[in-house]
Amino acid sequence: MTYCKNSAEKNKQRSTDLITTKTLGLAYLEEFKLEEAEKEFQKFVNMAPKEKLGYANLGLTYLRMNRYPEAKKQLLKAIEIDPKDPDIRLILATVYKMNDERDRAISELKEALSFAPDHNKILYEISELFSAESDEDSRKQRQYYLLKLVENAPGNLVARLNSTDIFIRNGEFDKALEQMEIIHKQFPEFPRESVDYYDKTLSLLRKKDKENAIIQFTVFHNYLKVTAPYQAGVMDLKGPGGSLIGFPLITFNFQPLSRKIENESLLDIMKFTNATSAAGLDIIPDIPEGEHTEYSKSTHSEAADYDSDGDIDLYVGSYDPVTSSYKHFLFNNEMGKFKDASAEAGIIHSGKESSAAFADYDND
């Protein structure tokens, strides 16, 4: 009897320890405390070597740390335990994408769809990967997965707008008109500035004027991107899924604090973590205090979703004391990790900057 009791207590303690370790690891991951998260998930794996989530979350941590080979290794271990977990395969595909292995990412997503054909996040991700190419096969593949996504999530505004864009570019005017009417039924109150572009798009589609319809629809589409229904659609397709923090978000908890704060100021309670390095922003030049005072206030930044993927991207300019030159960076946001896309975007100017702004200069 004593042996059974002790065994039960040990099992209970082990379960408690596993839950605590996993919870700590996820909390550290959300806070960008990646080294701490790594330690907790390594501990979890040692405690439960047959549990897939330990390897999956450790792989996710390495992904956030830009350590792709290690991320791949851990995620493959998780897949070996459960080959049919689509969320883990989605994260592995993200590792391939971030490592510029587009074909492997697509292959991984197709494998996941073979046993999870209605996984909307995977359908959206694979359609986005195909959108990066302009060849005919990629266009057809993107259309196939987008239409499947619309079928699965008919109320998602992002999927509906993207499919409408494809129909217009294909010259399928009746289908495009049908989609426009569905969008209006689902979202009857458009932003005031967008109504005229919606009406012009309908008129041009009826006239079968594809080129001008594309222009008017694109402006309409852009206006809708800042609306709550569109952002909700983005969250449904790119937000957190399953038991993994695959797509971290900045969230605010408005619930009452669980501890008394009578003797503490708000600044005492608030805690901030320096995530510069983990986010990939440590390439921005740092000006040591007291040095190069003429450039001490030269750094500026602007934020916008310049590539319309639902993530907020950054433009930063700053003086570099090492090279005695002014540096500028266009950072593309991928899952909270920023990658310098300046050269890719064609930003090659030099000289000191005082500010910057994002704008749609050609109204497209």
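User: How many bridges pair S2 with strand S3 (residues 325–334), and in which sense?
Analyst: Seven bridges, antiparallel. Strands pair here if DSSP finds at least two bridges between them. Strands (E, at least two residues) and helices (H or I, at least four) are DSSP runs, numbered from the N terminus. This is a predicted model: local features need pLDDT of at least 70, side-chain atom pairs count only at pLDDT 80 or more, and totals for chains, interfaces and linings use all residues. Residues are numbered from 1 along each chain as its sequence is written, and side-chain values use heavy atoms, with hydrogens and water left out.

User: Which residue in S3 stands opposite Leu 314?
Analyst: Phe 331.

User: And the turn of that hairpin, which residue has a positive phi?
Analyst: Ser 324, near 55 degrees. Four residues lie between the strands S2 and S3.

User: What's on the S1 side?
Analyst: Strand S1 (residues 300–304) runs antiparallel to S2, joined by five bridges. Ser 301 stands opposite Val 316, and His 300 stands opposite Gly 317.

User: What's the strand order of the whole sheet?
Analyst: S1-S2-S3-S4, an open sheet with antiparallel pairing. S1 and strand S4 (337–340) are the edges, each pairing on one side only. The twist averages 25 degrees from one strand to the next.

User: Is S2 mostly covered or mostly open?
Analyst: Mostly covered: eight of the eight residues in S2 (residues 313–320) are buried. Buried is under 20% relative accessible area, exposed over 50%, partly exposed in between (1.4 Å probe, protein chains only). Asp 313, Tyr 315, Gly 317 and Tyr 319 point one way, and Leu 314, Val 316, Ser 318 and Asp 320 the other.

User: Switching to helices. Why call H7 largely enclosed?
Analyst: Because nine of its twelve residues are buried. Among them are Ile 122, Leu 123, Tyr 124 and Phe 130, along with Lys 121 and Glu 125.

User: What covers them?
Analyst: The cover includes helix H5 (86–98), helix H6 (102–115), helix H8 (136–152), helix H9 (157–170) and helix H13 (228–238). Contact means heavy atoms within 4.5 Å.

User: How do H5 and H6 pack?
Analyst: At about 170 degrees, axes 7 Å apart. Axes are lines fitted to C-alpha atoms, for helices over the stretch in contact, and angles run from 0 to 180 degrees between N-to-C directions. The two helices are therefore roughly antiparallel, a term for angles over 145 degrees.

User: Which residues meet there?
Analyst: Leu 90, Leu 92 and Tyr 96 are among those in H5, and Leu 109, Ala 112 and Phe 115 among those in H6.

Technical notes: Angles under 35 degrees count as roughly parallel, over 145 as roughly antiparallel, 65 to 115 as roughly perpendicular and the rest as oblique.
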